[in-house]
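User: I am new to this structure and would like to know what stands behind the words used to describe it. Could you take me through them one at a time?

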Amino acid sequence: MNCPCGNSKKYAACCQLAHQSHKTVKTAAQLMRSRYTAFVLADGDYLMESHHQDTRPIKELENIVAWAKSVEWIALTITSKTKGLENDMEGTVAFKASFKEKGQLSSIDEHSKFVKENGCWYYLGFA
């Protein structure tokens with residue numbers, strides 16, 4: 001299957017690598033893409049693993065997975081990014097995640113902050 005993140009690669013050559021080992025993620029944008037794909041697949045374990053421990057919503061895991069399963073994911077569009085490259089320690093990614101919920105087209109527009117600790121990128125929260 002093509003990767004839901006919007007790259008032209010197959011899932012096995014794209015976000016699946018991150019889902020199998022979070023440590024393989026090299027940039028903040030790559031982490032954003034892998035997290036979007038985890039929402040599409042309702043992979044709550046990866047969403048928690050890739051979320052920074054200081055802001056990780058572990059008590060909301062069940063609700064997050066249920067919601068992710070309840071919508072039809074359409075597309076991810078990254079609209080801008082600052083820093084977040086392989087040698088950076090922080091970065092931001094602005095994106096639009098489109099989905100259908102109860103037949104209504106909707107989207108999440110977010111400007112997210114990412115940090116790198118011990119060689120791994122983590123989603124921190126809103127920038």
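Analyst: What follows is a set of questions about the terms used here, each answered from the values behind it. This is a predicted model, in which local features need pLDDT of at least 70 and side-chain atom pairs count only at pLDDT 80 or more, while totals for chains, interfaces and linings use all residues. Residues are numbered from 1 along each chain as its sequence is written, and side-chain values use heavy atoms, with hydrogens and water left out.

User: What makes the strands a sheet, and in what order do they lie?

Analyst: Helices (H or I, at least four residues) and strands (E, at least two) are DSSP runs, numbered from the N terminus, and two strands count as paired if DSSP finds at least two bridges between them. Here four strands form an open sheet in the order 1-2-3-4, with antiparallel pairing. Strand 2 and strand 3 (residues 104-117) are joined in the antiparallel sense over 12 bridges, and six bridges join strand 3 to strand 4.

User: Why are some of the strands called edge strands, and which are they?

Analyst: Strand 1 and strand 4 are the edge strands, each pairing on one side only. From one strand to the next, the twist averages 30 degrees; angles of this kind run from 0 to 180 degrees between N-to-C directions, with axes being lines fitted to C-alpha atoms, for helices over the stretch in contact.

User: How do you know whether serine 98 is buried or exposed?

Analyst: Buried means under 20% relative accessible area, exposed over 50%, and partly exposed in between, with a 1.4 Å probe and protein chains only. Serine 98 has a relative accessible area of 15%, and is therefore called buried. Serine 98 is found in strand 2 (residues 90-101), and, not counting residues up to four places away in sequence, it touches Tyr36, Trp73, Ile74, Ala75, Ser106 and Ser107, where contact means heavy atoms within 4.5 Å.

User: What makes a group of residues a nonpolar core, and which residues have the most contacts inside the largest one?

Analyst: A nonpolar core is a set of buried Ala, Val, Leu, Ile, Met, Phe, Trp, Tyr and Cys residues joined through side-chain atoms within 4.5 Å. The largest such core has 25 residues, and Trp73 and Phe114 are those with the most contacts inside it. Two or more residues each come from helix 2 (28-40), helix 3 (44-49), helix 4 (61-70), strand 1 (72-83), strand 2 and strand 4 (120-126), with helix 2 giving the largest share, six residues. Apart from this core lies another of five residues, among them Cys3, Cys5, Tyr11 and Cys14.

User: How do you know that the buried residues of helix 4 line one face?

Analyst: Ile64, Val65 and Ala68 are buried in helix 4. The arc is that of the directions from the helix axis to the C-beta atoms, and seen down the axis the buried residues fall within an arc of 95 degrees, so they line one face of the helix. What covers them includes helix 2, helix 3 and strand 1.

User: What makes the phi of lysine 83 and of lysine 102 worth a remark?

Analyst: Most residues other than glycine have a negative phi. Lysine 83, which lies in strand 1, has a positive phi near 50 degrees, and lysine 102, in the loop between strand 2 and strand 3, has a positive phi near 55 degrees. Lysine 83 counts as exposed at 57% relative accessibility, and lysine 102 is exposed with a relative accessible area of 80%.
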